[in-house]
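Subject: Structure handover

Hi,

Here is the structure I said I would pass on.

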Amino acid sequence: MTWEVVIGLEVHVQLNTESKIFSGSATSFGAEPNAHASLIDLGMPGVLPVLNEGVVRRAICFGLGIDAEISQRSVFARKNYFYPDLPKGYQISQMDHPIVGKGHIDITLDDGTVKRVGITRAHLEEDAGKSLHENFSGMTGIDLNRAGTPLLEIVSEPEMCSAKEAVAYAKAIHALIRYLDISDGNMAEGSMRCDCNVSINRPGQPMGTRREIKNVNSFKFIEKAIDSEINWQIDELESGRSIHQATVLYDVAKNETRAMRSKEEANDYRYFPDPDLLPVVIDDATLEAIRASLPELPAAKRARFESEMELSAYDAHVLTASRDLADFFEATVTTAGGVTAAKPAANWVTGELLAALNKAELDIAQSPISPAQLGGLLLRISDNTISGKIAKQVFASLFAGDGTSADEIIERDGLKQETDTGAIEALIAQIIADNAAQVEQYRASDENKQAKLFGFFVGQAMKASRGKANPAVLNELLKRKLHEA
């Protein structure tokens, strides 16, 4: 019998405000331990939290981006538990009245189909600090720089059925928060982390006992951790053992999940409304002003790329994977002459450019080639100044910083395509004279063999012209000359 997999994700997104959710402390990454911990963050007696308005606006942006219900009255609560890096002994969060209610996000699967995943809620909360173990013999250091950092916790419905679907969902959330400019989404720095809830059951049977994989911070590890957990649960059940609800960690080195602590069916955090914070009330005018400020979101941009620019669904999906990439593509199209250049621009961006960036381990924001430079290169291809083959040579020079524009490199290196028919005819005449035996063989052959021999003559001609002969003109003249008696 097969197993069914049920997955839900809790995604923690650090909102990109300059200060923390309830204090004026900085949120910048990489400071010395405890450099950004104020008296409010430390929970000292007599201090009061003050809500950061920017945090609320970013949460609303996200809610609108997933077509969610926005609670125009939300309440902060104290979530009470002990942890060494939780200085107050409680975490300010939202429980019964989160700011974002039910919504959804669409994900594209490997086969191109689109699946809608429900989002249960998204609520605001403060982050805890960080326990440090590496540099302390027999002790633990506490860094409270992250304490009070604003988080938006996004809770999905348990509607994903594989690790690949979970990764597609996480990537969709990542793209959305970047489009909305509410978070940098830097997973390596902890700006986006995922808790993965996984359970299995036989088809038609009730959902199994879930285990929660905590704090996974890369798309690759989300997939590997979930697959590892699924395999472990299958082995346990097929061996006659039972699954107990637990919080687990993913061990990257061993590619396995291991229990961190057991977990009761429901945790009693003794939530109660925070007495120091008033309810958050959002009026209609504020809500509509935020709605009007939203940028074009990934789904709408994909649809526009397909309809207006006549791109394939695949190209549109790749090009809208991030806002930076979509913006780069559109700027390239503008420089290259508008919508008619969309398909060539898509081919170059998704092909040559992304391959070069991947090899250099750079992202699109670090591209050595600007949209203006790539658009200029496409113009020189479209007006037959250079061939596609020579264009790759120019691209390599631009990527290496060896020139400021395609025009400069073409002029400097003498790469302009030869379109003069007289010059190409002279070149062809020389090729025919130098390869008399192949010419006779060509003329005596059937169409299939002629097609193969024709490639030989084209290669010789392109070599003689150092790749600068216009291919269309060359092919036409070469065929005419080869068929002359």
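This is a predicted model: local features need pLDDT of at least 70, side-chain atom pairs count only at pLDDT 80 or more; totals for chains, interfaces and linings use all residues.

Below is what I found in it, sorted by topic.

**Aromatic pairs**

The structure holds 9 aromatic pairs. Take Phe 395 and Phe 399, which are stacked, with 6.1 Å from centre to centre and 25° between the planes. Both of them belong to helix α11 (residues 388-399), where they are 4 residues apart, or about one turn of the helix. Phe 395 counts as buried because its relative accessibility is 5%, and the cut-off is under 20%. Phe 399 is buried too, with a relative accessible area of 18%.

Tyr 442 and Phe 457 make another pair, this one edge-to-face, at 6.1 Å centre to centre and with 85° between the planes. Tyr 442 lies in helix α14 (residues 436-443) and Phe 457 in helix α15 (residues 447-464), so this pair ties together parts that are 15 residues apart in sequence. Tyr 442 is buried at 4% relative accessible area, and Phe 457 is buried at 0%.

There is also an aromatic cluster formed by Tyr 81, Tyr 269 and Tyr 271.

**Charges over rings**

Lys 79 lies over the face of Tyr 269, 4.5 Å from the ring centre. Elsewhere, Lys 479 has its charged end over the ring of Phe 454, at 5.5 Å from the centre.

**Helix α15**

Three strands form an open sheet in the order β4-β3-β14, with antiparallel pairing. β4 (90-93) and β14 (272-273) are the edge strands, each pairing on one side only. Strand β3 (residues 77-80) pairs with β14 over 2 bridges, and Ala 77 stands opposite Pro 273 in β14.

**Nonpolar cores**

The largest nonpolar core has 70 residues, and those touching the most other members are Phe 62, Leu 124, Ile 154, Tyr 169, Ile 173, Ile 222 and Ile 226. Helix α3 (residues 163-179) gives this core its largest share, 11 residues. Apart from neighbours within four places in sequence, Ile 222 is in contact with Ala 166, Val 167, Ala 170, Met 187, Cys 194, Cys 196 and Val 216. A second, separate core has 35 residues, including Ala 341, Ala 342, Ala 356 and Phe 399.

**Ser 228**

Ser 228 sits in helix α4 (residues 219-238) and is buried, with a relative accessible area of 14%. Which residues is Ser 228 in contact with, leaving aside neighbours within four places in sequence? They are Tyr 250, Asn 255, Glu 256 and Thr 257.

Cheers

Conventions: Residues are numbered from 1 along each chain as its sequence is written. Side-chain values use heavy atoms; hydrogens and water are left out. Rings of Phe, Tyr and Trp (its six-membered ring) pair if their centres lie within 6.5 Å; planes under 30 degrees apart count as stacked, over 60 as edge-to-face and the rest as tilted. Buried means under 20% relative accessible area, exposed over 50%, partly exposed in between (1.4 Å probe, protein chains only). A charge sits over a ring if NZ of Lys or CZ of Arg is within 6 Å of the ring centre and within 35 degrees of the ring normal. Two strands pair if DSSP finds at least two bridges between them. A nonpolar core is a set of buried Ala, Val, Leu, Ile, Met, Phe, Trp, Tyr and Cys residues joined through side-chain atoms within 4.5 Å. Contact means heavy atoms within 4.5 Å.
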